[in-house]
Amino acid sequence: MDLIIRNAHVRGREEVVDIGILGERIAHVAPHLKEHAPREIDAEGMLVAPTFVEPHIHLDKALISEVVRPNVSGTLSEAIAITWDKKRTYTVEEVAARAERVIEWAVQHGTTLLRSHVDVDTIGGLTPLKGVTLARERYADLCEVQIVAFPQEGILQDPGTEDLLRQAMAAGADLVGGMPHNERTPEDGRRHIDICFAIAKEFNADIDMHVDETDDPSSRTLQYLAARTIEEGYQGRVTAGHTCALAAYDATYRAKVIRLLRQADVQMVANAGTNLMLQGRLDPMPIRRGVTPVKELLAAGVNVSYGQDCVKDTFYPTWGQADPLEVGLITAHAVQFTMPQDIETLFDMPTANAARLLRLPAQDYGVREGAIASLNIIAAANAAEAFRTRADRRYVIRRGRIVAETVTTRKVHRTL
Ligand SMILES: [Zn+2]
């Protein structure tokens, strides 16, 4: 063994276990391993879980709220407009530097695989892609980054973007992104989806779109996306993020769309933090939550994860530190998770569910013999305590190597 974690609490097991790591993989998971290793960590009953997978973040736009004007209306449309000026002045090195700050935060919080959407449009061209690509190369020792070529400004309403998307895919983007509801008409929204499928098939790439990120119940591109997924034989290869309008549909239509999502095995990402901030801005009281109906999706057997989405950008100014436990806490409040089983599901969302969403081989992910040894030792006894206290990720281990450590100290000074 190269590394042994002793006295680990692993979800679903009563007794604590020792985890023996050889090279990049978990060799043994059993109580009281007899072997020894040059490095041993006593977890003292702390929760040991596979490292987090961040399925939806925007590394290219992260932290720009530090330098641009505030988003006064708080809406998605103003957020997009504010980024235009900044995007025109992007340099590869500047984008990379912001992305790298957030990657470091993510790793410190126990995430070793991130999927980042990166704007591809006629304003910034391929500069955001080149910046995030540079950051991922420089940080390859800490984490992996998947890049989604994301036409934030639309495809049909931003002529030239279709060509840029192809260039982005040829230049190393992994997935084709989309934002069909942002086109001028529902017909253009459907053409947008058709173009994304055409490009994805050319590059044999998966698809991950921003879908119906609006309170408008007549925004119905999710249904078309799911139907096209089945027609193209892309089941399991398509992810839909945000999907706020799904929460605004009437119950009958929502149930129909959710059934179709299940049939198409569309992977879903809730982005509760950003959407609690952005949605319902035009509502009189009571203000809608604007968060996709996570409980209904899960109950229908749809695979649902959650993502940070934004870190201190124009969409989500002030907030975000790429911490899945923090996003989980926000998600739990947004979707009203309180029962013990809900909390276990909440922990699955950025771990097992997100790993499935990013199509990691099932045998590679988890606390089990043969899996890749990417593990968090979390300073909490169980998942509920981890979320409640946003506990330290005491050790973050990636492929058998310790990549981050955190110890927070707290003291009270009493006089009695
Ligand atoms: Zn997003």
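1. Strand 2 and strand 3 (residues 25–30) are joined by five bridges and run antiparallel. The two form a hairpin with two residues between them. Gly-23, in the turn, has a positive phi of about 60°. Within this pairing, Gly-20 has His-28 of strand 3 as its bridge partner. Note that the model is predicted.

2. Strand 2 also pairs with strand 1 (residues 3–8), in the antiparallel sense, over four bridges.

3. As background, strands of a sheet pair through backbone hydrogen bonds, in a parallel or an antiparallel way. An open sheet of four strands has the order 5-14-15-16, with antiparallel pairing. Strand 5 (47–50) and strand 16 (401–405) are at the edges and have a single partner strand each, so one side of each has no neighbour in the sheet. On average, neighbouring strands of this sheet are turned by 20° against each other, direction ignored.

4. Inside that sheet, strand 14 (residues 375–378) and strand 15 (residues 393–398) run antiparallel and are joined by four bridges. Ile-378 has Arg-393 in strand 15 as its bridge partner.

5. The largest nonpolar core has 93 residues. Those touching the most other members are Leu-222, Leu-225, Leu-246, Leu-261, Met-268 and Phe-347. Helix 2 (residues 92–108) gives the most to this core, namely seven residues. At least three residues come from each of domain 1 (3–51 + 363–405) and domain 2 (52–361).

6. Which residues does Met-268 touch, leaving out those up to four places away in sequence? Among them are Leu-222, Leu-246, Leu-261, Val-302, Val-304 and Leu-357. A second, separate core has 20 residues, including Val-29, Ala-371, Ile-377 and Ile-397.

7. The zinc ion is coordinated by His-56, His-58, His-210 and His-242, each through NE2, and by Asp-309 through OD, at 2.1 to 2.7 Å. Along the chain, the donors follow the spacing H-x1-H-x151-H-x31-H-x66-D.

8. Why does the pair His-242 and Asp-309 tie together parts that are 67 residues apart in sequence? His-242 lies in strand 11 (residues 238–242), while Asp-309 lies in the loop between strand 13 (304–306) and helix 10 (324–335), so the pair links those parts. His-242 is buried, with a relative accessible area of 1%. Asp-309 is also buried, with a relative accessible area of 1%.

Definitions and conventions: Residues are numbered from 1 along each chain as its sequence is written. This is a predicted model: local features need pLDDT of at least 70, side-chain atom pairs count only at pLDDT 80 or more; totals for chains, interfaces and linings use all residues. Side-chain values use heavy atoms; hydrogens and water are left out. Two strands pair if DSSP finds at least two bridges between them. Axes are lines fitted to C-alpha atoms, for helices over the stretch in contact, and angles run from 0 to 180 degrees between N-to-C directions. A nonpolar core is a set of buried Ala, Val, Leu, Ile, Met, Phe, Trp, Tyr and Cys residues joined through side-chain atoms within 4.5 Å. Buried means under 20% relative accessible area, exposed over 50%, partly exposed in between (1.4 Å probe, protein chains only). Domain bounds come from an automatic or database domain assignment. Contact means heavy atoms within 4.5 Å. Donors are N, O and S atoms within 2.8 Å of the metal (3.2 Å for Na, K and Ca); water is not among the atoms, so sites may look incomplete.
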